[in-house]
Amino acid sequence: MVKKPKFRIPNAKVPRRGRTLGKAPGTITYLGEREGEGTQVEKLSYDLKTMEGEEPTNYQFLKNKPANDRTEWINVIGLSDESAISEIGSLAGLNNLVLEDIVNTQQRPKLDEYEDHIFAVFKMCYLNEARKIVKEHVALVLTSQRVLVFQEVEADVFGGVRGRIEQKWGKIRQRGADYLFFALLDALVDNYLVVLELTEERLYELENTVFQKPDSDTPFHIQQLRKEINALRRWISPVRELVNRLMESDSPLIQKETRIFLRDVLDHTFEINDTLQIQREMAVSLMDMYMSNVSNRMNEVMKVLTIMASIFIPLTFIAGIYGMNFQDMPELSWEYGYETVWGVMVVTFIGLLIFFKRKGWL
Amino acid sequence: MVKKPKFRIPNAKVPRRGRTLGKAPGTITYLGEREGEGTQVEKLSYDLKTMEGEEPTNYQFLKNKPANDRTEWINVIGLSDESAISEIGSLAGLNNLVLEDIVNTQQRPKLDEYEDHIFAVFKMCYLNEARKIVKEHVALVLTSQRVLVFQEVEADVFGGVRGRIEQKWGKIRQRGADYLFFALLDALVDNYLVVLELTEERLYELENTVFQKPDSDTPFHIQQLRKEINALRRWISPVRELVNRLMESDSPLIQKETRIFLRDVLDHTFEINDTLQIQREMAVSLMDMYMSNVSNRMNEVMKVLTIMASIFIPLTFIAGIYGMNFQDMPELSWEYGYETVWGVMVVTFIGLLIFFKRKGWL
Amino acid sequence: MVKKPKFRIPNAKVPRRGRTLGKAPGTITYLGEREGEGTQVEKLSYDLKTMEGEEPTNYQFLKNKPANDRTEWINVIGLSDESAISEIGSLAGLNNLVLEDIVNTQQRPKLDEYEDHIFAVFKMCYLNEARKIVKEHVALVLTSQRVLVFQEVEADVFGGVRGRIEQKWGKIRQRGADYLFFALLDALVDNYLVVLELTEERLYELENTVFQKPDSDTPFHIQQLRKEINALRRWISPVRELVNRLMESDSPLIQKETRIFLRDVLDHTFEINDTLQIQREMAVSLMDMYMSNVSNRMNEVMKVLTIMASIFIPLTFIAGIYGMNFQDMPELSWEYGYETVWGVMVVTFIGLLIFFKRKGWL
Amino acid sequence: MVKKPKFRIPNAKVPRRGRTLGKAPGTITYLGEREGEGTQVEKLSYDLKTMEGEEPTNYQFLKNKPANDRTEWINVIGLSDESAISEIGSLAGLNNLVLEDIVNTQQRPKLDEYEDHIFAVFKMCYLNEARKIVKEHVALVLTSQRVLVFQEVEADVFGGVRGRIEQKWGKIRQRGADYLFFALLDALVDNYLVVLELTEERLYELENTVFQKPDSDTPFHIQQLRKEINALRRWISPVRELVNRLMESDSPLIQKETRIFLRDVLDHTFEINDTLQIQREMAVSLMDMYMSNVSNRMNEVMKVLTIMASIFIPLTFIAGIYGMNFQDMPELSWEYGYETVWGVMVVTFIGLLIFFKRKGWL
Amino acid sequence: MVKKPKFRIPNAKVPRRGRTLGKAPGTITYLGEREGEGTQVEKLSYDLKTMEGEEPTNYQFLKNKPANDRTEWINVIGLSDESAISEIGSLAGLNNLVLEDIVNTQQRPKLDEYEDHIFAVFKMCYLNEARKIVKEHVALVLTSQRVLVFQEVEADVFGGVRGRIEQKWGKIRQRGADYLFFALLDALVDNYLVVLELTEERLYELENTVFQKPDSDTPFHIQQLRKEINALRRWISPVRELVNRLMESDSPLIQKETRIFLRDVLDHTFEINDTLQIQREMAVSLMDMYMSNVSNRMNEVMKVLTIMASIFIPLTFIAGIYGMNFQDMPELSWEYGYETVWGVMVVTFIGLLIFFKRKGWL
């Protein structure tokens, strides 16, 4: 009976590009997998002294600038309702190419500067409660007094930023929308580091498995982790370039003081890229380890076979000789014939043992 | 009997460069494989209000500019008739080097800017009805009010663009030839993404095969997919550079508003290059997987052999001993001699089973 | 008896750099292998109306400019006669460093611009009548009205260019020495493409061999092709850079119109580099294929052994039992003892067959 | 019984990034593993004539510039006391982002120039008394007359610099804080070279092991060394870029004469990167060596098995023939039947020996 | 008995960086292995008409410029006497950092330009009489009329240059110290090419070994050659960059005419880097070859075992059947029972031979 593998390969989550074929650029086509879920808007408005949150159902307020130097954080959760996104977008003054990218959950990280806003697509990577890696699409828009955040689900990632806004004394209340934008970006990048800690941990676990009790599923676990790391690289590694461009941008939307903080984020993105590179190499060398282990185990199997067969096949031959039925076999009637044969066998046995001992196979 | 492989390697489709040897540059030499098929011209002419299509047999109209700000899309299907191509080319004001590239179906993607036209060679990659990947040569020429498209066969790829022209309200009717050129390019690139989805799907299928029921044909399937991905890379990856050059070109033929749309295409080309890179790595690691699987199966085969041989060869030896015909073998006449030997054999048998169990081979 | 390998490794054609040790730079030292062959000069002189060829024995004409806007193509065949080369060189105004490179058949492709001439070293690669790849050293010198070509043997490669000169109406007759220089370069590069077609064909043949009837010589054939491709890369890949430099050169020796044609050559060099890169990867993966095939065949061998041994060793053990000579073995005198043992053996046999069938080894 | 591996894989020392999640940038969060150890400050103050060391408990002196062109070296040992670091930092005029990096022991090497100070993070790598590689985080701050050094433990690395200060005639007493900064950097880099000597030595030891007595632990030793080299690369290789930036910096804090010395350090960083690169390749090829060795040993095992089995199985068969009990076996009653069979066996034996000898297996 | 490997791994020649730890930069510390050997100075002074050589014991002459446009070549042999080097250095106006590099035999190739001299460190690689590769440290200093050469031993490499000086008519007598400097550099680089010819030859020899009679030492020979090539790369490959810098330097010490000659050296350095790259790839693929060969030989071993065992084990089983002692075995008393069994055995034998023949294993 063929052994059923215990390990299941996840199905290919092939993107669904086919949907956009033949459509004009700027057509808003949701490419995610959470269709039918509504769109929900949260608005957080604050200045140095006051802060208020609400869930507006009417989006008209987006047409006007926030009052009196207040900063607004608009959180749009759920991207499958193309018409709602379209309405929000047009009120906030975003063109159709931007809106297309917002609902395109397959979109690679990108950063576009427009005259009156900066548009960025990132991937949130974070650990959920079950310590699984979750990857979500997120789009950020920075205008002069507002940050719009478009997500598929409300992720925990930005909870810390909200907490810092709620604390009156935080730096975030003293500064404008560009600092909020930076703080969100910083939160995203910090989570990348945490996710990479998990993959590193798993690499160590797999290394232990390879060393102590590898089985035929092990290469598939290695392969899955390798694909996981590759997928992270695909989402995370473009971020370095984008942060760099943001830092060197001369957009008036980003104040000089905020740029200093961006340098900190940039440092982290360098670290992330180093780590990803090293983890990839580790995964490759794990496979080498595994193969050397398989070969070693094969060697051990072969040694047992060789020792058993090489010892007992000659002995059986000797026994076979004296099992022949020739009429005239003088040894058979010797007084100590039987004992002599035993002696020959024992000597052969010991001789072969010594031979294998010297070979280092015992 | 030697097993016939079920899998057939496609023959090398070696290009036929030899034909051009010794010819002067600018000699129009068809290098494709569809000789003897005629050349057919379609003309689609539109402005904001009207649209008309025809199949002119006389190409003289190419000498004049389209009337009244109309935009013309000239589709030339079939490249093997060198004289027809030559006539169309000279009427449209294309020099011989351009015409040589148009009929050279081996031509690498390229983009040349001339004073009054932009010439580009791309490769169409799309899925036909049978979901096979089709690769076709296509040459585009953009002049001030016209786009000429040279293809070997009429491919479905540009059907969506035609559909958008037919819809009066589309953006495409409001804009000039440069937008048409961009729309065709966008259609090409969108199809690349769909093709790459297919190769990704196949990679996942092969991964399942490697994991669940690999056979000796599997490495060849992996190899064929690897070659397919390499071929795609050869045709597709230069496109990024060309789109970038187009975006940064200061040719008056491309209006500023169209450039914004090109950035979108550029984004896609980045994604395509990422995907190709990752797919190549996946194909390589599939081969590693397969090899580790072969080694594991070999290990299992060896274990069975070793266990069977190591158990029964010593037992056969014991039986051989008492098959000897010595006159004086006291054990033979013991009362429970036979039963004692059976006992020794059973103990040996169980001892070896325990040994293999501890080795983890059972 | 040890099997003699059918395949012979070509001897290392180690260059003979040792000869130049301790010599001053600019010393003219022939490094090729065709010593003792004389030097022969051909002169082809043409303008728009007339063309004449001769084999001058006196080289004094090189001191003067060709008359009346005529273009001269001087073909120097045979480089081993250092004094003749030295005389030709000094009459044509070439310095000693240039002459050293002309006779150094090991020289890497290079391009040097001087005030009144351009000097280039290339490698001709072409297929001879037996479809073998031939690599020859060639040096080109472009002066204002002359092209000097230095070769070891007269190769077929430039035959097409000569043919085009003979035809009065060709573009080549209308243009100057720079166009002749370009035409020769174009002929060289076209031949590279033909040579690469051959290596691609061979890769396909080897792939078929690996798949259908690999033997122990196959890795050496792969290795030889790999070395062939590497050698081509060594000679061909620097050409791209040189053509690029030529295109961007502001030497007055190259007219603006000729530069447009150079772009065509440059395109080809890009294609050549792509092809070389892909062929190298193919050769590497062929080796992977071969190794996986070897492992698979080993697996098959092991399975046959395991099945045969695992079935017959236990059966032989059973037979051995009843070959023992104990006085009291009750089974021996049972009425159907012999038939029962046969029954046990058949059941064991069938049981093991079913086991191996389930393993998928039959 | 499963053999217990003698070799233990070190546990993953996974960084603890999780701690910083949700905190504002500039929050001082110690990320090291030496919590609860206090912070200790040493102050070394010198000019050309005098030198004095003390351990101040009050850090107020940091607010003022050192007197009379004296240079101060402030050594801060122990980073876990976040409030002490914070106090020192604010007295010395360092902003919070700098302080965050000082206590972030996971921080990648970095260099930031501010108007009145230069801040750098490096990794000390040195050998302790037991010749183990120790990696420690160190942060350096250069102000106009002071160098602040932040370490987790007091390492031996800077002992040499202190020694040179104590010697009155050293160059270090004649020059300012920038030379001290350079001398500390030089000491760090010199230690990298010593550490790399150790890894090179270990590579040679492992090569000897692979060659002379490899066991199944060897690949894990190779893998551990590979990870060690990778970790060093992660810490050391960014230093080249930082030193280069320092050299090209136009900060007034670094005098022109000191820059000349920096070139020396830069040279060393180049050498370090070369060495790391070569060591990485060596580690990879060691694994290849090991695998080829495993295959060779397997080959030897198989040869012994094949020779023993191929010789004695046919002989046993011959003996088996004449062990049959047919009533009518004429050979059994031949006069020299038994001797003839022995003869046949000896001939077979010798024949097979010759066969294996010719194969080269003996 | 364990076979003693015939091949000995050379001991690690680990550099002795530890010696410089804690020393101030500019401390002159000899790092070579030839301690205790004295320092010897040779002086060669020439102009167009005269040439004289001497071995001065007093170095005071270094303080003054050579008289009357004479050029001086000062050869310093033996670097272990730190005080002598120090004296020579200070007389010749070299600073301590330069002197440190001169006696640091581990120093990577480097080139530093100072106002009145150019300092360069190279590695001589040449073949000694026994055709072994010798690597020596050499430092060159070019001042306006002098070239100082610092070596550990007097190497043959510069013999050719000396020969050319002795010949009155050579170009070298007509030109200044910069041409001498260039000629020495040219001699160094020419020797690299000769050394690389040797490694290429060895690669070919190893390829033949791998193909015709590989043994278990072969991978170690490959590995040693690989390390040799890597070591050469470490010493040689930086030279290209240095020569390039020299060529583009605007130091008044190097005349314009000499720069033309440097281009020739630069060409050679390009060739050297190409060759090193190709040799590295060849060494890697040799290892692949070897492994495929090992697998093939294993396959052959297994086939012999399988054929022998698969043929004789079933036959032995048949013989075993009729060796059983059942009272009632009708076949035993058949008239042609024995002959029938022989018939069955022969048929089985031939059947299995045909089976293996069809498998292609015979």
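**Strand pairing and the A–B interface in a predicted model**

Student: How many bridges join strand β1 of chain C to strand β3 of chain C, and do they run parallel or antiparallel?
Tutor: In this predicted model, β1 (residues 40-46) and β3 (residues 71-77) of chain C run antiparallel and are joined by 7 bridges.

Student: Which residue in β3(C) stands opposite Leu44(C)?
Tutor: Opposite Leu44(C) stands Trp73(C).

Student: What is the strand order of the sheet in chain C?
Tutor: The order is β2-β1-β3-β7-β6-β5-β4 in chain C, an open sheet of 7 strands with mixed pairing. Strands β2 (51-54) and β4 (110-113) of chain C stand at the edges; each has a single partner strand, so one side of each lacks a neighbour in the sheet. From one strand to the next, the twist averages 20°.

Student: Across which strands does helix α6 of chain C lie?
Tutor: Helix α6 (residues 218-236) of chain C lies across β5 (118-127) and β6 (133-142) of chain C. The angle between α6 and β6(C) is about 5°.

Student: Moving to chain A, how many bridges pair strand β1 with strand β2?
Tutor: In chain A, β1 (residues 40-46) and β2 (residues 51-54) pair over 4 bridges in the antiparallel sense. Together β1(A) and β2(A) form a hairpin, with 4 residues between them. Within this pairing, Glu52(A) in β2(A) is the bridge partner of Ser45(A).

Student: Now the interface: what area do chain B and chain A bury between them?
Tutor: Chain B and chain A bury about 6000 Å², with 63% of that area on carbon and sulfur atoms. On the chain B side, Phe211(B), Phe317(B) and Phe326(B) lose the most area to chain A, together 12% of what that side buries.

Student: How many residues does each chain give to the contact?
Tutor: Chain B gives 68 residues and chain A gives 71 residues.

Student: And how many salt bridges are there between chain B and chain A?
Tutor: The count is 7 salt bridges. One salt bridge joins the side chains of Asp112(A) and Arg263(B), at 3.6 Å, N to O. There are also 18 residue pairs in polar contact across the interface of chain B and chain A, with both residues at pLDDT 80 or more.

Student: Which helices of chain B each supply at least two residues of the side that touches chain A?
Tutor: They are α3 (159-166), α5 (177-212), α8 (256-321) and α9 (337-359) of chain B. Helix α8(B) gives the most to that side, with 35 residues. By class, the side of chain B that touches chain A has 31 nonpolar, 19 polar and 18 charged residues.

Terms used: Residues are numbered from 1 along each chain as its sequence is written. Chains are lettered from A and ligands numbered from 1 in the order in which they are written. This is a predicted model: local features need pLDDT of at least 70, side-chain atom pairs count only at pLDDT 80 or more; totals for chains, interfaces and linings use all residues. Side-chain values use heavy atoms; hydrogens and water are left out. Contact means heavy atoms within 4.5 Å. Buried area is the accessible area (1.4 Å probe) that two parts lose on being put together, summed over both. A salt bridge is a side-chain nitrogen of Lys or Arg within 4 Å of a carboxyl oxygen of Asp or Glu. A polar contact is a pair of N or O atoms within 3.5 Å; within protein, one must be able to donate a hydrogen and the other to accept it, and residues adjacent in sequence count only if both atoms are side-chain atoms. Ala, Val, Leu, Ile, Met, Phe, Trp, Tyr, Cys and Pro count as nonpolar, Asp, Glu, Lys and Arg as charged, and the others, Gly among them, as polar. Two strands pair if DSSP finds at least two bridges between them. Axes are lines fitted to C-alpha atoms, for helices over the stretch in contact, and angles run from 0 to 180 degrees between N-to-C directions.
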